[in-house]
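Reader: Hi! Could you walk me through this one before I set anything up?

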Amino acid sequence: MTNSTINKTTMLDTEKQKMVYILSPSFSGSTLLTLLLAQHPKIATIGELKATAMGDIASYQCSCGSALLECDFWKTLQKRLHGQKMKFAFDDFHTHFTSSNVVWNRIMGAQVRGRWFELLRRFLLEHMPNLRSEYQNRLSHNWVFARTVTDIMKRPIFLDGSKDVNRLKYLLGDDRWDIRVLEIVRDGRAQSNSRRSKNRRFIPSFKHAVKEWRSTIKQMTKVTKQLPSEQIYSMSYETLCEKPSKVLTDICEFLEIEPLDLDWSNIDLKKTEHHILGNNMRTKTHIKISLDSNWKSEVTQEELGIFESLAGELNRNLGKRLNTNYES
């Protein structure tokens, strides 16, 4: 066995690994949902398994409070993975579906598109030897990584909060997983406003943010419409914030695990040690859930007109599907 070829029987056994995958546009509550579900003793997570936006590893802090490079959990994980001849570095988990080869990366990393493009992509992933090898290697890295994390944490269900649509599509095509999808969506006006937030290095215009949101929702629909109802649970960010106890109870029922009797409006994150990657919310000691409605005062009438022309109907239809009022 080599680093570039990992057999499917590398890990503990070939039993399907249970996974909860959070699917959503960015800035739609995925980190909040991840932190809430991480309270459950049967759910193991490190947040976003694709791990693509961690920045300077030397200064990155694990959610447990330790520096990432000094955290006992991450050092144990690294040792276990290296013991299985897996490539793993803190600045490259080898779990993101990309390639150093420019041409392969354009095939494997492209956004979800129409039926004919996806048929062509599937054909190339299955029949171009070098691309196929790299693709299968990434699939195996994800599976072994998740199995190792669940073994270390002694929790049987792995949660991936990566959100990415294309990533979910690839994982759904790997029969080593038993995947349940949690789809969380936020009013597109609120999401677009957060997307152009001033604390980002790249600040898109509101119009650009709306187009990005619209594209993501359409890609999500292409994938989720193929899933049976028993494999996906859809919710709005607004309902999660307004009725956290009900939503979390419903999710536990969906996942066939016992619900937790917690005050979801004020969670003490330090009662359970976490090792979660993602935005700064993961470093807080407490979470008090409240609905962020700042967009209502920050989005101008002109911007509301832009949103209506580009995505108003899509937003309203989404609200109807989620039993949430997204009327303009």
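This is a predicted model: local features need pLDDT of at least 70, side-chain atom pairs count only at pLDDT 80 or more; totals for chains, interfaces and linings use all residues.

Reader: Great, cavities first. How many of 30 Å³ or more does a search of the whole structure find?

Author: The search of the whole structure finds one cavity of 30 Å³ or more. The volume of the largest cavity is about 50 Å³.

Reader: Which residues line the largest cavity?

Author: The lining is made up of Ser30, Thr31, Thr34, Gly47, Glu48, Gly161, Ile276, Leu277 and Gly278.

Reader: And how does that lining split by class?

Author: There are two nonpolar, six polar and one charged residues in the lining of the largest cavity.

Reader: Good to know. Where does the largest share of the lining come from?

Author: From helix H1, residues 30-37, which gives three residues to the lining of the largest cavity.

Reader: Is H1 mostly covered or mostly open?

Author: Mostly covered: eight of the eight residues in H1 are buried. They are Ser30, Thr31, Leu32, Leu33, Thr34, Leu35, Leu36 and Leu37.

Reader: Thanks, that helps. Switching to helix packing: how do H7 and H12 cross?

Author: Helix H7 covers residues 188-195 and helix H12 covers residues 301-321; their axes come within 10 Å and cross at roughly 130°. That angle makes H7 oblique to H12.

Reader: Why oblique and not antiparallel?

Author: Roughly antiparallel would need an angle over 145 degrees, and the crossing here is at roughly 130°, so H7 counts as oblique to H12.

Reader: What about H4 and H6?

Author: The axes of helix H4 (residues 115-127) and helix H6 (residues 165-172) come within 14 Å, with a crossing angle of roughly 55°. H4 and H6 are therefore oblique to each other. H4 passes H6 in a right-handed crossing.

Reader: Nice. Now single residues. Which helix holds Lys207, and is Lys207 buried, exposed or partly exposed?

Author: Lys207 sits in helix H8, residues 206-224. Lys207 counts as partly exposed because its relative accessibility is 41%.

Reader: How far is Lys207 from Ile306?

Author: Their C-alpha atoms are separated by 6.7 Å, while Lys207 and Ile306 are 99 residues apart along the chain.

Reader: While we're on S6, is Ile267 buried or exposed?

Author: Ile267, which is found in strand S6, is buried, with a relative accessible area of 4%. From C-alpha to C-alpha, Ile267 and Ser59 are 26 Å apart in space, and they are 208 residues apart in sequence.

Reader: Back to the loop between H2 and H3: is Phe97 buried or exposed there?

Author: Phe97 lies in that loop between H2 and H3 and counts as buried at 4% relative accessibility. The C-alpha atoms of Phe97 and Leu69 are separated by 24 Å, with the two residues 28 apart along the chain.

Reader: Last one, I promise. Where is Thr285, and how far is it from Gly65?

Author: Thr285 lies in the loop between S6 and strand S7 (286-288). Thr285 and Gly65 are 220 residues apart in sequence and 9.7 Å apart in space, C-alpha to C-alpha. At 41% relative accessibility, Thr285 counts as partly exposed.

Definitions and conventions:
Residues are numbered from 1 along each chain as its sequence is written. Side-chain values use heavy atoms; hydrogens and water are left out. On a 1 Å grid over the protein atoms alone, a cavity is a set of points where a 1.4 Å probe fits but cannot get out, and a pocket is an open set with protein on both sides within 12 Å along at least five of seven lines; lining residues have an atom within 4 Å of a point. Grid points are joined across faces, edges and corners, and a volume is the space filled by probe spheres set on the points. Helices (H or I, at least four residues) and strands (E, at least two) are DSSP runs, numbered from the N terminus. Ala, Val, Leu, Ile, Met, Phe, Trp, Tyr, Cys and Pro count as nonpolar, Asp, Glu, Lys and Arg as charged, and the others, Gly among them, as polar. Buried means under 20% relative accessible area, exposed over 50%, partly exposed in between (1.4 Å probe, protein chains only). Axes are lines fitted to C-alpha atoms, for helices over the stretch in contact, and angles run from 0 to 180 degrees between N-to-C directions. Angles under 35 degrees count as roughly parallel, over 145 as roughly antiparallel, 65 to 115 as roughly perpendicular and the rest as oblique. A crossing is left-handed if the near helix is turned anticlockwise from the far one by less than a right angle, and right-handed if clockwise.
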